[in-house]
Amino acid sequence: MDKQPARRFGLIVIGDEILSGRRADKHLGKMIELLQERGLTLSWARYVSDDPDQIVQCLKETFASGDVVFSTGGIGATPDDHTRVSAAKALGLEIELHPQAKALIANRIIAMAEGDAAKADLSLAENQHRFKMGEFPAGCEIIPNPYNQIPGFRIQEHHFFPGFPVMAAPMMAWCLDHHYSHLFHQENWLEKSFIVPEGIESRLTPLMEEIERRFEGVKVFSLPSVGDPVRGGVYARRHIELGVKGRADAVHLAWDALRQGTESLNYLIYDLIKH
């Protein structure tokens, strides 16, 4: 039986505040961390502005990709929150108030009122507006939000979270654990690298290409640096971090071949110092 291709995971970060630099993105690093803890990897990431047309186009492409996609930002109820409606448009669906989301939002309103009956009145205009945060594409599932109970939503293996990392991170973990645990640690993935002082990529490229041809499932990577005097030692001068990643069984063999090939080019090799 042919082996099924590995599922690809992607991340969409939506928000003008990220693109303008008013806020630094923290979702990418957290997504990578959560995936790696489960033996998975991130295949791609996109940054999109708070523009409905851009969001719709991006989602049309990712819905068609068959990838597992996590999206952060734009699911609130202010004028610059377009993700909920854009997801519906990308799928040609109507948007509707999800009954479970409605109940959760109602409970949140009552809890925040702290016994004040006037503030807990669900018919108030401001409370009716809050229910917009539960309007999702028809047929979706909700994603629980342990921080403030206002849910995200899930449809066609796309998962939509708030733009706040403190909320998005546990929701990402929940989705992985509840929907994709069967994919965890399917392969014994390994990455190994070493330092090549004064390495020249053009000289090393034929060796890198040869390693990838010889060892199926292995990728060779080269990370050049102009040097970092703060770290000192071998890291202070121009160097390349050269390595291989992939299935552990293949990586062990490719690692030996890469080291031997590098040394045959009269380069010295320094093993990485872990910090």
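Author: Begin with the elements: helices (H or I, at least four residues) and strands (E, at least two) are DSSP runs, numbered from the N terminus. Take His185 as a case: its place is in the loop between helix 7 and strand 9 (189-197). Two cautions come next. This is a predicted model, where local features need pLDDT of at least 70 and side-chain atom pairs pLDDT 80 or more, while totals for chains, interfaces and linings use all residues. Residues are numbered from 1 along each chain as its sequence is written, and side-chain values use heavy atoms, without hydrogens and water.

Reader: How many helices and strands does the protein chain have?

Author: The secondary structure comes to 9 helices and 12 strands.

Reader: Which loop holds Glu198?

Author: Glu198 sits in the loop between strand 9 and helix 8. Its phi is positive too, at about 60 degrees, although Glu198 is not a glycine. With a relative accessible area of 33%, Glu198 is partly exposed.

Reader: What share of the residues in the protein chain is buried?

Author: Buried residues make up 43% of the 275.

Reader: How are two packed helices described?

Author: By the angle between their axes and the distance between those axes. Axes are lines fitted to C-alpha atoms, for helices over the stretch in contact, and angles run from 0 to 180 degrees between N-to-C directions. Under 35 degrees is roughly parallel, over 145 roughly antiparallel, 65 to 115 roughly perpendicular, and the rest oblique. Now a case. Helix 2 (residues 27-37) and helix 7 (residues 165-179) pack at about 25 degrees, with axes 10 Å apart. The two are therefore roughly parallel.

Reader: Which residues of helix 2 and helix 7 make the contact?

Author: Contact means heavy atoms within 4.5 Å. Helix 2 gives His27, Lys30, Met31, Leu34 and Leu35, and helix 7 gives Pro165, Ala168, Ala169, Met172, Ala173 and Leu176. Next, sort them by class. Ala, Val, Leu, Ile, Met, Phe, Trp, Tyr, Cys and Pro count as nonpolar, Asp, Glu, Lys and Arg as charged, and the others, Gly among them, as polar. This contact has 9 nonpolar, 1 polar and 1 charged.

Reader: At what angle do helix 3 and helix 4 pack?

Author: Helix 3 (residues 52-65) meets helix 4 (residues 83-91) at about 50 degrees, with the axes 8 Å apart. That makes helix 3 oblique to helix 4. Pro52, Ile55, Val56, Leu59, Lys60 and Phe63 of helix 3 touch Thr83, Ser86, Ala87, Lys89, Ala90 and Leu91 of helix 4. The classes are 8 nonpolar, 2 polar and 2 charged.

Reader: Are helix 8 and helix 9 roughly parallel or antiparallel to each other?

Author: The axes of helix 8 (residues 201-214) and helix 9 (residues 248-264) come within 10 Å and cross at roughly 155 degrees. The pair is therefore roughly antiparallel. The contact joins Leu204, Leu207, Ile211 and Arg214 of helix 8 to Ala254, Ala257, Leu258, Gly261 and Thr262 of helix 9. Among these residues, 6 are nonpolar, 2 polar and 1 charged.

Reader: Where does Leu258 lie, and what does Leu258 touch?

Author: Leu258 lies in helix 9. At 0% relative accessibility, Leu258 is buried. Setting aside residues up to four places away in sequence, Leu258 touches Phe194, Leu207, Ile211, Val220, Leu242, Gly243 and Val244. Compare chain with space: Leu258 and Met208 are 50 residues apart along the chain, and their C-alpha atoms are separated by 7.5 Å.

Reader: What is Leu204 in contact with?

Author: Leu204 lies in helix 8 and is buried, at 1%. Beyond its neighbours within four places, its contacts are Ile240, Leu242, Thr262, Leu265 and Tyr267. Leu204 and Glu157 are 47 residues apart along the chain, with C-alpha atoms separated by 40 Å.

Notes: Buried < 20%, exposed > 50% of the residue type's maximum accessible area, 1.4 Å probe, protein only.
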